[in-house]
Amino acid sequence: MKSLAERPVNPVVGVPVSHESAAAHVTGTALYTDDLVVRSRNVLHAWPVQAPHAHARVVALQAQPALKVPGVVKVLTASDVPGINDSGTKHDEPLFPGEVMFHGQAVCWVLAESLEAARLGAAAVTVEYQPLPSLLTLTEAIAAESFQGNQPTVARGEPDQALADAAHRFSGEFEFGGQEHFYLETQACLAYIDEGGQVFVHSSTQHPSETQEIVAHVLGLSSHQVTVQCLRMGGGFGGKEMQPHGFAAVAALGASLTGRPVRLRLNRTQDITMTGKRHPFHARWEAGFDGDGRLQALRATITSDGGWSLDLSEPVLARAMCHIDNAYYIPNIEVHGRVAKTNKTSQTAFRGFGGPQGMLVIEDILGRCAPELGLDPAELRRRNFYEPGQSTPYGQPVRHAERLTAIWELLLDRAEVARRREDIAAFNTAHPNIKRALAITPVKFGISFNLTAFNQAGALVHVYKDGSVLINHGGTEMGQGLHTKMRQVAATALGVPLAFIRLAPTRTDKVPNTSATAASSGADLNGGAVKNACEQISSRLAEVAARRLNIHPDDVRFEAGKVTGIGFHDRDLSFAEVVLDAYFQRVPLWAAGFYRTEGLHWDSTRMQGEPFKYFSYGAAVTEVEVDRFTGAYRQLRTDIVHDVGDSLSPLIDVGQIEGGFVQGAGWLTLEDLRWDVSDGDGRGRLTTQSASTYKLPSFSEMPEQFNVHLFERATESGVVYGSKAVGEPPLMLAISVREALRAAVAAFGPGGISVELASPATPEAVFWAIERVTGSQTSASGSDAASGSDAASTPDAASAPATPSPATPSPATPPPVPTAAT
């Protein structure tokens with residue numbers, strides 16, 4: 001068997017190529033799910049009836065008035081469901097609810113000849129509600145002990161004793177917000193019944209197999225009666241891993257009842273108000289350091305806001321707990337995790353899947369404690385890096401830990417940090433009302449699904465008689481370049497030019513039982529399967545060519561569409577010629593490939609084992625400039641060194657690093673989700689429902705100078721062609737932006753001050769942080785910079801003067817006001 005990581009001579013992987021659909025994207029010819037509607041006749045359009053309460057019982061629902069609206073054909077309700085009225089995998093998400101659990105939840109759907117008729121029909125439906133008490137914030141949920149799912153613990157050593165013995169001991173709280181996916185293409189699907197009675201669903205989904213399963217159980221069918229296809233997505237970021245299933249089920253239900261195609265596409269407001277987001281978190285912690293600033297102990301309780309149902313909240317929490325160490329060795333640790341149940345959208349997967357939240361906790365701790373320890377934050381971080389031979393709190397050895405230090409030192413050199421620190425000091429001396437600062441932060445991110453069973457993939461590869469190749473694999477393309485990488489993998493494994501390879505849309509009747517394209521594992525899993533299928537075919541072709549060349553099959557080589565042997569200089573065959581020979585010799589020219597990640601084991605009850613195939617490493621330096629009077633800031637420069645192993649596709653990887661960083665900076669500095677937490681009629685309504693009220697990073701928020709370097713000599717054994725995942729890890733590099741803002745705020749003060757900074761660190765939050773360090777006695781009641789995303793109508797807790805707290809164990813119900821490091 002060929003090595004998974006070894007590359008042949010002149011491979012197609014590692015060559016910079018553009019995205020396989022780049023031209024189609026920029027010319028507008030790339031088709032998305034909703035573009036397929038024009039190809040179908042008699043399509044019905046779906047529109048939701050959304051509840052105006054955060055929590056209420058549906059007392060009565062009258063659909064008859066809607067049926068009187070011209071063009072309305074059907075109103076879908078719970079009574080129409082032939083199978084299971086649930087769109088989740090844990091059976092806690094009724095598709096047509098009798099009890100409304102969040103403001104904007106759909107209680108029924110109207111089908112009509114046109115979108116306008118469906119909208120008018122939905123407005124005509126009369127629903128009687130009995131309002132019920134609701135919980136909207138993490139503070140409320142924690143106080144009410146409103147939790148759902150498991151409450152795991154990660155532990156090692158003797159944290160109590162280590163805290164007691166620590167030379168320096170600190171405690172604090174930290175609450176930070178979620179994030180809206182805001183993919184360009186909203187949730188969309190088109191369902192119809194074919195002539196054989198099969199349900200066919202086009203869906204913008206990251207998980208076609210699970211969409212297939214949910215549609216089947218709602219309709220009371222077997223999976224083989226449902227086919228789901230995903231052409232491509234206009235973005236996903238985790239928001240299309242679980243969330244599309246219910247919408248696909250509604251469309252499929254409508255198609256099965258009416259016999260007509262049903263199109264369901266949410267507009268932007270519906271998408272934002274009906275779908276889940278990144279989980280907000282609350283953390284209460286105690287940390288102990290020795291005299292040299294090395295972490296000795298951490299005890300923490302982290303609570304995520306899961307919204308109204310579990311969705312993926314349990315694995316998101318587990319990953320957060322497995323990443324609370326980030327790049328740092330903590331010998332004694334005890335972390336408790338909880339998922340709060342609130343009356344908001346069911347929060348879901350989002351790029352990083354809990355990893356960013358866990359890392360942000362430890363980075364906030366180090367950023368707050370460094371001044372108290374008399375250390376530069378960068379030096380405090382470096383002193384605590386993992387070293388070879390050490391393992392994580394959950395028992396996994398940290399392989400290649402030396403790369404953390406190597407990347408750090410390389411970045412310091414490439415970013416000219418020493419010189420720039422001198423320049424920044426001079427600038428700050430000359431500018432009392434504008435300050436600059438830079439910060440450097442590391443990333444260590446584990447790659448694989450939390451659930452071991454998901455770490456498998458399949459592929460189907462066809463070679464046609466003319467030598468052209470068609471690939472099907474289980475991964476979905478959402479703009480991240482997975483299909484581009486799979487073409488390069490196939491071209492390398494078969495030894496043909498990239499132009500020989502075409503990729504077919506992802507379909508459940510071609511590759512079954514696939515895992516979601518998530519957890520940064522798309523290239524690892526599907527690349528392994530594609531390579532396996534291609535190597536089955538090439539080994540058969542090698543035998544055919546060996547007979548023609550009169551050599552042993554092991555000596556046959558495939559390269560650039562030519563087939564030759566070791567040492568041959570004057571004789572070769574074309575790939576198409578060998579393929580045609582194989583056909584006439586009745587040699588199979590197709591293969592089903594399979595890959596499973598080896599070496600994984602995980603006990604989710606004990607939170608111990610080796611859940612990750614490997615760790616991706618990286619580091620970023622960001623320099624910012626902050627205005628004293630407004631809190632406004634600019635990102636002047638960002639430098640990144642990131643470990644992607646031996647890159648499969650360098651242009652794609654650099655693009656992913658840049659995009660991930662910017663999306664992470666948006667989460668940490670701009671994107672502020674706000675719910676109405678008043679006791680009025682609008683309680684529970686999401687007030688940031690559009691791009692006019694929810695600020696996304698754009699060109700003006702990009703670093704003015706942006707340098708990305710791929711770490712070299714970084715082959716990862718046991719992974720397809722020595723590569724590493726790149727989808728999620730770069731997002732956490734954006735923590736350097738937040739830490740640079742913290743350092744800039746500190747520069748306005750007298751020095752040695754522990755700066756508390758809300759997240760997202762909006763200009764308002766930065767302004768109030770400056771007010772605190774400069775000693776201004778400004779009332780907190782005028783601030784919009786709440787430390788949590790749910791405090792839209794409350795005073796800014798984070799803007800209150802910092803107050804010391806004793807280093808005592810965390811109570812079961814933390815107070816709502818964050819305490820400072822002491």
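**The sheet and the cores**

Author: Strand 2 (residues 56-62) and strand 6 run antiparallel, joined by six bridges. Strands here are DSSP runs of E, at least two residues long, and helices are runs of H or I, at least four, both numbered from the N terminus. Two strands count as paired if DSSP finds at least two bridges between them. Within this pair, Val58 stands opposite Tyr129 of strand 6. The sheet is open, has three strands in the order 4-2-6, and pairs antiparallel. Strand 4 (99-100) and strand 6 (126-131) are the edges; each has a single partner strand, so one side of each lacks a neighbour in the sheet.

This is a predicted model: local features need pLDDT of at least 70, side-chain atom pairs need 80 or more, and totals for chains, interfaces and linings use all residues. Numbering starts from 1 along each chain as its sequence is written, and side-chain values use heavy atoms, without hydrogens or water. pLDDT is the predictor's confidence in each residue, from 0 to 100. The chain averages 94, and 94% of the residues score at least 70. Over residues 777-822 pLDDT is below 50.

Now the cores. A nonpolar core is a set of buried (under 20% relative accessible area, 1.4 Å probe, protein chains only) Ala, Val, Leu, Ile, Met, Phe, Trp, Tyr and Cys residues joined through side-chain atoms within 4.5 Å. The largest has 136 residues; Phe289, Leu298, Ile302 and Leu541 touch the most other members. Helix 15 (residues 522-549) gives this core its largest share, 13 residues. A second, separate core has 32 residues, including Cys189 and Val215.

Definitions and conventions. Contact means heavy atoms within 4.5 Å. Buried means under 20% relative accessible area, exposed over 50%, partly exposed in between (1.4 Å probe, protein chains only).
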